[in-house]
Amino acid sequence: MNNKSSRERVMFQIECITCGQKYSSDMTSYVCKSCGDLLDIRYNLQDIAERLPNPDWASRPLGVWKYLELLPIQDPTEIVSLKEGGTSLHHCQKLGSRLGLEKLFVKNEGENPTGSFKDRGMTVGVTKARKIGAKAVICASTGNTASSLAAYAARAGIQCVVVIPEGKIALGKLAQAMMYGAKVVSMKGNFDQALELVMESCDQLGFYLLNSINPYRIEGQKTAAFEVCEQLGSPPDTLIIPVGNAGNISAYWKGFNEFFSVGLNQSLPRMIGIQAFGASPIVDAYKKDSDVIKPVDTPETVATAIRIGKPVSWKKALRAIHESKGMAESVTDDEILFAQKLLAREEGLFVEPASAASIAGLIKLKDLGEIDAEERVVCVTTGHGLKDPETAIKSCEEILVIEKSVEELARSLKIPIRISAAQA
Ligand code: F0G
C-alpha cells in the first residue's frame, strides 16, 4: 500500500445530493444540515486519475482496501477489517444457456466475512466510527446490517446496538448478531419504523449511526463495482441488483462512475433494480415516471432482507436508474423462491431470498424481451443462503425418513437393488 505522505494528498469533501451544500471531510452528520437530504462523499477525481493505477495496484489482493486511493480513510493503520470483498464473479454457463444468455455472471457477495455485502460498508463505516472516538454504534436492520455491524464493532472494541423489526428477521442473522455480542432490541413495527427510531435516538443517546444513510457505508460498498470491472476487464452491459433501502444500487452506480472518471472504465452499465412485489415503491415510481416515491405502509415479502416500504436512499436509486438508462422491476415471492432454487441447482450457489430477486428479475426481464442474448449481464447476489435456513427448507422437497436398511433406502429413492456377481 501507499505510504502515508502520498495518501495525505487525497482530498474529499462531503456534499448534499439535493442542495449541493459542501462540508469538510471532518463533518460527522449523516444528513445535510441545511436541507436534511442525503450526503455523498466527493473526491478530487482528476488528481486521483493522475496516480491510478499506481505501481503497487496490481500486487494488492482484490478486496475493499485495494482501492484505498478512492476511499475516505487516509491512514491504512486505522482500518478495522475482517478481509472483506474480493468475492467471486461466477460465469454461470448452465443457467445462462437455460435463459438464452452466453455471458451471464453472478457476483456472489455471500462470500464476505459475515455472509453479505454489508461487510464492505462496515469496514469503512466502523473504521470511521473508531477514528472519531465513537463509544457505541447503532443500526436498524432487516438482519444483515445488524450481523455485519455487530461483527465489525466487536473487532473494533465498540459497543453495538441493533434494532430489528419484531419477529421478522431470518434466524441465521439473529444468531450472528447475538453471538458477536450486540445488544439486540426487537421493536414492535417494521424496518422503516425501526430506522426512524434509531435516527431520532442517535443524537440524544450518543450513538454513531451505521445505516446506509451514512455515506461512509456507501464508500465501502461501491468497491464491489470496481471489482466487477476488474474481474471482467471492463464494465458489464447490464447490472441487476436487489433493492431494499436502496443504498447498494446507489453505491454500485457511484463506483462505476468513479472508475469512469479516473479513466479505468470506458463505458457505464445500465442499472436494473429489482424489488419484491409487496415492497416496491421505487419500481412503482419508475413505472409511473415519477421522480418521487410513494412509501408502502405495510411492506410484505418472503425476502425479509428487502421488506422495506420507505427506502431512505430512494432518490439516489432513481438517479442511478435514470442516469444509466436502466430500469426497475418487481418480482413475486414465488418468482424469488423459484430463482433461489434454480441458482442453487444449476450453479451450486446458495443465496438468500433477497439475493435471488436479482435472478428472478433477470428471468422476468429476459422473457419480456428487455435483455438481449448477447448482453454481458452481472447479477449481484447479496447474501448467503444459510442466513435464512427456514425459508430454504420450506421451499424444498420433504426429506426421506427410513430405518437402517438397504432395501428401505432403495425403496425410498425409487431405485432397483443390483445383484452383485457373488450373490448371483
Ligand atoms: N440483499 C440483502 C441480502 C440485504 O440484506 C439487503 C438489505 C439488500 C439486498 C438491499 O440492499 O438496502 O442497500 O438496497 N438489507 C438491509 C439490512 C436493509 O438491514 O440488512 P439495500
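## Cysteines, helices and a few side chains

Me: Hi! Is Cys16 buried or exposed, and why?
Reply: Cys16 counts as buried because its relative accessibility is 3%. Buried means under 20% relative accessible area, exposed means over 50%, and partly exposed lies in between, with a 1.4 Å probe and protein chains only. This is a predicted model, where local features need pLDDT of at least 70, side-chain atom pairs count only at pLDDT 80 or more, and totals for chains, interfaces and linings use all residues. Residues are numbered from 1 along each chain as its sequence is written, and side-chain values use heavy atoms, with hydrogens and water left out.

Me: Thanks. Which cysteine sulfur is closest to that of Cys16?
Reply: The one in Cys35, at 3.4 Å, which is too far for a bond. A disulfide here is a pair of cysteine sulfur atoms within 2.5 Å.

Me: How many disulfides does that rule give?
Reply: The count is zero. Cys396 is in no disulfide either, and its nearest cysteine sulfur, in Cys92, is 18 Å away. Cys396 is partly exposed, at 35% relative accessible area.

Me: New topic: how do the axes of α4 and α5 cross?
Reply: The axes of α4 (residues 118-131) and α5 (residues 144-156) come within 9 Å and cross at roughly 40°. Helices (H or I, at least four residues) and strands (E, at least two) are DSSP runs, numbered from the N terminus. Axes are lines fitted to C-alpha atoms, for helices over the stretch in contact, and angles run from 0 to 180 degrees between N-to-C directions.

Me: What does that make the pair?
Reply: α4 and α5 are oblique to each other. Angles under 35 degrees count as roughly parallel, over 145 as roughly antiparallel, 65 to 115 as roughly perpendicular, and the rest as oblique. 

Me: And which residues of α4 and α5 meet?
Reply: From α4, they include Met122, Thr123 and Val126, and from α5, they include Ser148, Leu149 and Tyr152. Contact means heavy atoms within 4.5 Å.

Me: Where does Glu109 sit?
Reply: Glu109 is in the loop between β5 (103-108) and α4. Glu109 counts as buried, at 0% relative accessibility. Not counting residues up to four places away in sequence, Glu109 touches a set that includes Phe117, Arg120, Tyr252 and Thr381.

Me: On to α12. What do its buried residues pack against?
Reply: They pack against β3 (39-43), α8 (215-221), α10 (247-261), β11 (270-276), α11 (281-287) and β12 (327-331). The buried residues of α12 (residues 314-323) are Trp314, Lys316, Ala317, Leu318, Ala320 and Ile321. Just after α12, Lys325 has a positive phi of about 55°.

Me: What about the span of α13?
Reply: The 15 residues of α13 (residues 333-347) should span 21 Å at 1.5 Å a residue, and the end C-alpha atoms are 21 Å apart, which agrees. The expected span is 1.5 Å times one less than the number of residues. Just after α13, Gly348 takes a positive phi of about 70°.

Me: Which residues does Glu346 contact?
Reply: Leaving aside neighbours within four places in sequence, Glu346 contacts Lys94, Leu95 and Arg98. Glu346 lies in α13 and is buried, with a relative accessible area of 18%.

Me: Last one: where is Lys22?
Reply: Lys22 is in strand β2 (residues 22-23) and is partly exposed, at 46% relative accessible area. Not counting residues up to four places away in sequence, Lys22 touches Gln13, Ile14 and Glu15.
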